[in-house]
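Keep the view open and follow along.

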Amino acid sequence: MDTEVRLSTDQNEISFPTVPTPDEQARRQAVARHEQLTKPAGSLGRLEELGVWVAARQGLCPPRPFARPRVVVFAGDHGVAGHGVSAYPSEVTGQMVANFLAGGAAVNVLATNTGATVRVVDMAVNADTPPVVSAHKVRRASGSIDREDALTDAEVRAAINAGRTIADEEIDSGADLLIAGDMGIGNTTPAAVLISALTGTEPVAVVGRGTGIDDNAWMRKTAAIRDALRRARKVLDDPVALLRTSSGADIAALTGFLAQAAVRRTPVLLDGVVVGAAALVAEEIAPGARQWWLAGHRSAEPGGPLVLEHLDLTPVLDLQMRLGEGSGALTALPILTAATRVLGEMATFAEAGVGGPTEAEATGPRS
Ligand SMILES: O=C(O)c1ccc[n+]([C@@H]2O[C@H](COP(=O)([O-])O)[C@@H](O)[C@H]2O)c1
Ligand SMILES: Cc1cc2nc[nH]c2cc1C
């Protein structure tokens with residue numbers, strides 16, 4: 001039975017069906033299987049937990065290595081970037097989209113490294129992009145959130161629904177692990193606003209250096225976040241309105257993508273602070289969606305840890321990365337694959353003829 005969570009009172013409601021829970025039986029079987037594998041109980045540490053996590057999401061024990069991990073990079077420009085909050089000009093967003101398509105960016109290299117493939121989606125790049133990426137574009141650059149809404153009502157709905165459609169397309173094409181990435185000069189400003197608003201954290205504790213801003217830009221960014229927060233706080237109890245006023249088409253699409261992946265029982269590796277901000281809103285729109293997400297890493301941007309704490313997620317890696325594009329998630333993917341293969345392919349004590357634990361060890365540490 002699907003109980004829909006309805007949002008907004010407007011006519012064209014955005015609503016997601018109830019998020020299913022991961023498979024408890026597969027989780028238990030995976031925990032039990034780990035006890036049978038030829039290693040001291042618990043000796044593979046977090047790797048064991050990760051294997052169990054995959055088994056419960058696949059509903060399968062032993063779990064199978066991901067056959068079609070798919071990265072989707074949501075790109076968009078932000079009006080606020082015109083107010084000195086980034087170390088780079090907005091033109092770089094469109095230029096990086098071309099770089100993604102040419103295969104020269106970090107996301108391309110890291111995806112090749114792990115057997116993942118990359119899709120790029122232009123939601124609001126302030127430049128013309130090829131049809132292969134622009135089919136879902138809702139506008140050129142989202143509004144400057146310190147002084148105006150990021151999007152109109154129709155645009156925010158179109159963006160959320162685009163993210164949702166893209167998740168459906170990828171899952172229907174066989175993706176068994178989704179990786180969310182972002183590209184957009186200025187996008188750590190709306191990310192900070194969403195994180196500040198939804199975690200109740202003061203702007204100064206959320207604002208970070210983004211692409212590497214200096215102290216003057218940091219002060220401008222903090223002021224912009226503070227101004228935007230005044231507008232955001234008025235719609236705090238309406239996630240769609242929050243996205244409309246305080247995000248951008250790229251972040252709104254990410255939100256729909258993350259929520260729909262959970263609805264479709266498809267695991268997601270989260271990336272850094274921008275994907276994390278969208279995840280906060282997605283959890284509001286589709287409660288329980290976070291059960292389908294694994295945090296690939298802890299972003300060096302201060303908002304990163306705030307997101308993880310709020311969603312109760314433990315990152316796989318902490319490499320002080322702050323690139324975006326899905327790079328942190330992709331760096332974590334080989335570890336998730338290793339965890340999956342260990343659980344699936346190691347011999348049991350019985351199969352290998354290796355003696356199991358003594359009675360005392362079997363019952364001691366955990367009882
Ligand atoms: O994902 C992260 O944790 C992250 C942290 C800092 C910067 N970024 C990337 O840098 C861009 C935004 O930085 P900024 O300074 O222009 O707001 C955007 O393209 C993001 O993907 C990403
Ligand atoms: C070059 C460049 C690449 C990026 N990738 C994600 N954000 C980025 C920001 C810049 C500036």
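We'll go from the overall layout to the helices, then to the ligands, and end with some backbone details.

A few ground rules first: this is a predicted model, where local features need pLDDT of at least 70, side-chain atom pairs count only at pLDDT 80 or more, and totals for chains, interfaces and linings use all residues. Residues are numbered from 1 along each chain as its sequence is written, while chains are lettered from A and ligands numbered from 1 in the order in which they are written.

Start with the big picture. The protein chain is assigned domain 1 (24-64 + 340-352) and domain 2 (69-333); such bounds come from an automatic or database domain assignment. Taken over C-alpha atoms, the centres of domain 1 and domain 2 are 33 Å apart.

Now for the helices. Helices (H or I, at least four residues) and strands (E, at least two) are DSSP runs, numbered from the N terminus. Take α9, residues 215-232: at 1.5 Å a residue, its 18 residues should span 26 Å, and its end C-alpha atoms are 25 Å apart, which agrees. The expected span here is 1.5 Å times one less than the number of residues.

Which residues of α9 are buried? They are Lys221, Ala224, Ile225, Ala228, Leu229 and Ala232. Looking down the axis of α9, you'll find these buried residues within an arc of 140°, so they line one face of the helix. That arc is the one spanned by directions from the helix axis to the C-beta atoms. A residue is called buried if 20 or more other C-beta atoms lie within 10 Å of its own, exposed if 12 or fewer, and partly exposed in between, with C-beta atoms placed from the backbone. On the other side of α9, Asp215, Asn216 and Arg230 are exposed. The cover over the buried residues of α9 includes α7 (188-199), α8 (203-206) and α10 (239-246).

Helix α10 is where you'll find Leu243. Leu243 is buried, with 33 other C-beta atoms within 10 Å. Setting aside neighbours within four places in sequence, Leu243 is in contact with Val156, Ile160, Ile251, Ala252, Thr255 and Val281; contact means that the C-beta atoms of two residues, placed from the backbone, lie within 7 Å.

Next comes α13 (residues 303-311), with Gly303, Gly304, Leu306 and Val307 buried. Down the axis of α13, the buried residues fall within an arc of 165°, so they too line one face of the helix. Their cover includes α7, α8 and α12 (273-285). After α13 comes Asp312, with a positive phi near 55°.

On to the ligands. Around ligand 1 there are 25 residues, the closest being Ser86, Gly210, Gly272, Ser299 and Gly324. A residue is near a molecule if its C-beta atom, placed from the backbone, lies within 6 Å of it. β5 (177-183), α7 and α12 each supply at least two residues of this shell. Ligand 2 is surrounded by Tyr88, Val92, Met96, Met183, Thr211, Leu323, Gly324 and Glu325.

Finally, some backbone details. The peptide bond from Cys61 to Pro62 is cis, with omega near -5°, and Pro62 sits in the loop between α2 (45-58) and β3 (69-76). Ala141 isn't a glycine, yet its phi is positive, about 65°. Ala141 is in the loop between α5 (131-134) and α6 (153-172), and it is buried, with 24 other C-beta atoms within 10 Å.
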